[in-house]
Amino acid sequence: MQTTVGLLGCGNVGSGVARMLVEDGDFISRKLGWPLRLAKIGIGDFSDPRPWEPPSGLLTTNAGEIIGNPDIRVVVEVMGGLEPARTFILKALNSGQHVVTANKALLARHGREIFEAAAANKVEVLFEAAVAGGIPIIRTMKEGLSANRIRHLLGILNGTTNYILTRMSREALGFQEALAEAQKAGYAEADPTFDIEGYDAAHKLILLTALAYGSLPALEDIHVEGISRLTPEDISFAAELGYVIKLLALASRDEQDRLEVRLHPAMLPRDNLLSNINGALNAVLVSGHAVGDILQTGAGAGMMPTASSVLADIIELARADHSGVSQRVPPLGWPSLSAEKPKPMAEVRTAYYLRLTVADRPGVLAAIAGIFAGHSISLAQVIQKQAAQSGAESAATPLVILTHTALERDMTQALAEIGQLDSVLAPTRVIRVEDKL
Ligand code: HSE
């Protein structure tokens, strides 16, 4: 008896997986009780750079040596991208091979099709590395917390953006400056759009939502907002008010049991468990009706932490095969997925931080307060800083307002009216405040 693995992709994550299979193969085989062997690594081109060079003879540019090869039981997809990854995974499942993937974008978009193909072929798809890198949150949600009704799930699911926000907050750097540092440190890609505009974290949130609530929302049905418009000024006002700004992933059920799923910058009270998750770390805070709050944190990216999660999946599949018990737990922890959609953002209720840029003259605050009152929005705190040129009436002055909880639709309408006032000199900056979680 032995378990044979084929790898598709040998970039950063693939190299880590290959390295662990080679260097830790004996140790893992001892834990399993039988040999675990890396048979082949499929790559696009022999000349592509690889962070770790596998032993010669393992590399092939012919994916057909792996997919459908009856001697390979577990196919590990770490190529990334939608195609050909989707086609390769479906072919492997249809050939009766188990699949491990780290591909969050693919599962968020084509998860149903892939999980259905696995069920039809009585094989498994595991994806621990797709969410929060080395943190074993998928297993925690799927098995450790399976008896809990999830009240809410909050996450810091992208290391690049968390690193940028940490640098902006600690060193008062501007967004572009902090992004350049993140690129230099190797966190951000050359084209960082996917990370900074929130899509990478949103794909992970979609998968966590499915694990928590049994529905796999479409990206188009959730509110996604990145961090590129945040300024050091807002981060410093937030600190003055006792808050930290994080790119927050949130899934919950509201009082009417409606699903709420959103990804946007949020102000968290300084003493929230997530407020001290800094640098490139990820974290997931889950609140279950029986367990209460639990927090998992660690490296959300990187060659070896991500490989750690891939290897855990490989080991699970090796054991499943050995015992002949496959599909013990459904891929998302539920026997089937519902078609439930998250409620529209306009119907979400949060508190707000608003930074208006106004002329410093009589009646300005009264006019603004009147508009908020007209939309049933109650103000909690108002801070007006002195105009840059002291005494100069009409100079642009920041007016910072914290509101009580309000309906997003009311806030959008109030801000549209406020934007029409002559005394409002620039677009208002808006950050949602989560102080009730
Ligand atoms: N680029 C991601 C991050 C890791 O910065 O967290 C891969 O999803």
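How far from a nitrogen atom of the ligand does a polar side-chain atom of D195 lie? I read off 3.0 Å, which falls under my term polar contact (a pair of N or O atoms within 3.5 Å; within protein, one must be able to donate a hydrogen and the other to accept it, and residues adjacent in sequence count only if both atoms are side-chain atoms).

Note on the source: this is a predicted model, in which local features need pLDDT of at least 70 and side-chain atom pairs count only at pLDDT 80 or more, while totals for chains, interfaces and linings use all residues. Residues are numbered from 1 along each chain as its sequence is written, and side-chain values use heavy atoms, with hydrogens and water left out.

D200 has a polar side-chain atom 2.8 Å from an oxygen atom of the ligand. In the side chain of K204, an N or O atom is 2.9 Å from an oxygen atom of the ligand. On its own the ligand has 260 Å² of accessible area, and the protein covers 83% of that (Shrake-Rupley method, 1.4 Å probe).

Which residues are around the ligand? I listed K104, N158, G159, T160, D195, D200, K204 and A301, each with a heavy atom within 4 Å of the ligand. By class I noted one nonpolar, three polar and four charged (Ala, Val, Leu, Ile, Met, Phe, Trp, Tyr, Cys and Pro count as nonpolar, Asp, Glu, Lys and Arg as charged, and the others, Gly among them, as polar).

**Entry: the largest pocket**

Where does the ligand sit? It sits in the largest pocket, meaning that more than half of its atoms lie within 2 Å of the pocket's grid points. Helix 6 (159-171) and helix 9 (199-213) are the elements that give two or more residues to the shell around the ligand (helices are DSSP runs of H or I with at least four residues, strands are runs of E with at least two, numbered from the N terminus).

I used a 1 Å grid over the protein atoms alone: a pocket is an open set of points with protein on both sides within 12 Å along at least five of seven lines, a cavity is a set where a 1.4 Å probe fits but cannot get out, and lining residues have an atom within 4 Å of a point. The largest pocket has a volume of about 950 Å³ (the space filled by probe spheres set on the points, which are joined across faces, edges and corners). Its lining has 36 residues, and V13, K104, E189, D200 and A301 lie nearest the centre. The lining divides into 14 nonpolar, 15 polar and seven charged residues.

**Entry: cavities**

How many cavities of 30 Å³ or more does the whole structure hold? I found two. The largest cavity holds about 40 Å³ of space, and its lining includes A118, V123 and Q327. The second largest cavity has about 30 Å³, with N158 and A201 among its lining residues.

**Entry: backbone**

I noted a cis peptide bond from E83 to P84, with omega near 5°. P84 lies in the loop between strand 4 (74-77) and helix 3 (85-94).
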